[in-house]
Amino acid sequence: MATTMFGLFEMGRYRLTRDQVVSIEPYGFIPVIGDGIRIRHKSPDVPEKIIFWCNPDSTLKAITNTGFIPAGQAGGASSAKASRGFPLRIVPIVIAVAIWNALFVLQIFLGDSTNAFPGPLILAAVALLFGTSVAALRLPGFQALLLKPGRSFEEVRPVFLLLTVISGLMLLVFTLRWAAKLFT
């Protein structure tokens, strides 16, 4: 199975056998808007929480029509993962948030009040977020700094893909706006 972000970017590809799947069940976050299906499994190589946002009734019916019947038994690797908590170390997150906020605050206090948003320090904050998320996606050594021992980057890859897309778009728009401000 492959997961995508908005049907555009592949977020991950996971392979589960019938014996690894414990259940496939409806999952609701926000009724009508946030409906989907959740796959409960016991594979140690796949993120514990797999949710496909879709129409759960028609999707479950289509899965049943293919003849797929989960044969996995509850317990095993997935339940061990569930108790492990958040996969990222807290210290790098706290440092990143502190730097982000410091750059914004410095821009506000040091910036010229007649200049329009964004300033160079805000651009630096967004560029730092973009660079950090790209590094996390590409550099195994950097991933090791971010992850708790025994955790897989695949558990957080979708978050870093989303951060890369959003911060990249922000960086592009803010840079164009800042450049336009300089030349007018």
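User: Which residues is Arg38 in contact with, leaving aside its neighbours within four places in sequence?

Analyst: This is a predicted model, in which local features need pLDDT of at least 70, side-chain atom pairs count only at pLDDT 80 or more, and totals for chains, interfaces and linings use all residues. Residues are numbered from 1 along each chain as its sequence is written, and side-chain values use heavy atoms, with hydrogens and water left out. Arg38 has its place in strand S4, where strands (E, at least two residues) and helices (H or I, at least four) are DSSP runs numbered from the N terminus. With contact meaning heavy atoms within 4.5 Å, the partners of Arg38 are Ser23, Ile24, Glu25, Tyr27, Glu48, Lys49, Ile50 and Ile51.

User: Is Arg38 buried or exposed?

Analyst: Buried means under 20% relative accessible area, exposed means over 50%, and partly exposed lies in between (1.4 Å probe, protein chains only). The relative accessibility of Arg38 is 11%, so Arg38 counts as buried.

User: Which residue meets Arg40 in a salt bridge?

Analyst: A salt bridge is a side-chain nitrogen of Lys or Arg within 4 Å of a carboxyl oxygen of Asp or Glu; by this rule the count comes to two. Arg40 in strand S4 (residues 35-41) takes part in a pair that links distant parts of the chain, its partner lying 15 residues apart in strand S3 (residues 21-28). The N to O distance is 2.6 Å, and the partner is Glu25.

User: What is the N to O distance in the salt bridge of Glu154 and Arg157?

Analyst: Glu154 has a relative accessible area of 27% and is therefore partly exposed. Its side chain meets that of Arg157 with an N to O distance of 3.1 Å.

User: How many residues make up the largest nonpolar core?

Analyst: A nonpolar core is a set of buried Ala, Val, Leu, Ile, Met, Phe, Trp, Tyr and Cys residues joined through side-chain atoms within 4.5 Å. The largest one includes Leu88, Leu137, Phe153 and Phe160. Helix H4 (120-138) and helix H6 (157-182) are the elements that give two or more residues to this core. A second, separate core of six residues includes Tyr14, Val21, Ile39 and Ile50, whereas the largest core has nine residues.

User: Which residues does Gln143 touch, not counting residues up to four places away in sequence?

Analyst: Gln143 is found in helix H5 (residues 140-146) and is buried, with a relative accessible area of 13%. Its C-alpha atom is separated by 6.7 Å from that of Phe153, 10 residues apart along the chain. Leu137, a member of the largest nonpolar core, touches Gln143 and also Phe153, Arg157, Phe160, Leu161 and Thr164. The residues touched by Gln143 are Ala136, Leu137, Arg138, Phe153 and Arg157.

User: Why is the aromatic pair of Trp100 and Phe104 called tilted?

Analyst: A pair of aromatic rings is described by the distance of the centres and the angle of the planes. Rings of Phe, Tyr and Trp (its six-membered ring) pair if their centres lie within 6.5 Å; planes under 30 degrees apart are stacked, those over 60 are edge-to-face, and the rest are tilted. Trp100 and Phe104 lie four residues apart in helix H3, about one turn of the helix. Their centres are 4.9 Å apart and their planes stand at 35°, so the pair is tilted.

User: What area does the nonpolar surface patch of Phe86, Ile90, Ile93, Val94 and Val97 have?

Analyst: Patches are made of residues with over 30% relative accessible area and no salt bridge, like charges being joined within 9 Å and nonpolar side chains (Val, Leu, Ile, Met, Phe, Trp, Tyr) within 5 Å. Among the members, Ile90 is found in helix H3 (residues 90-110). Accessible areas come from the Shrake-Rupley method with a 1.4 Å probe, and for residues only the protein chains shown count as cover. The patch area is about 430 Å².

User: What pattern does the protein follow when read along the sequence?

Analyst: The protein has six helices and five strands. Of its 184 residues, 28% count as buried. Read along the sequence, the pattern is β-β-β-β-β-α-α-α-α-α-α.
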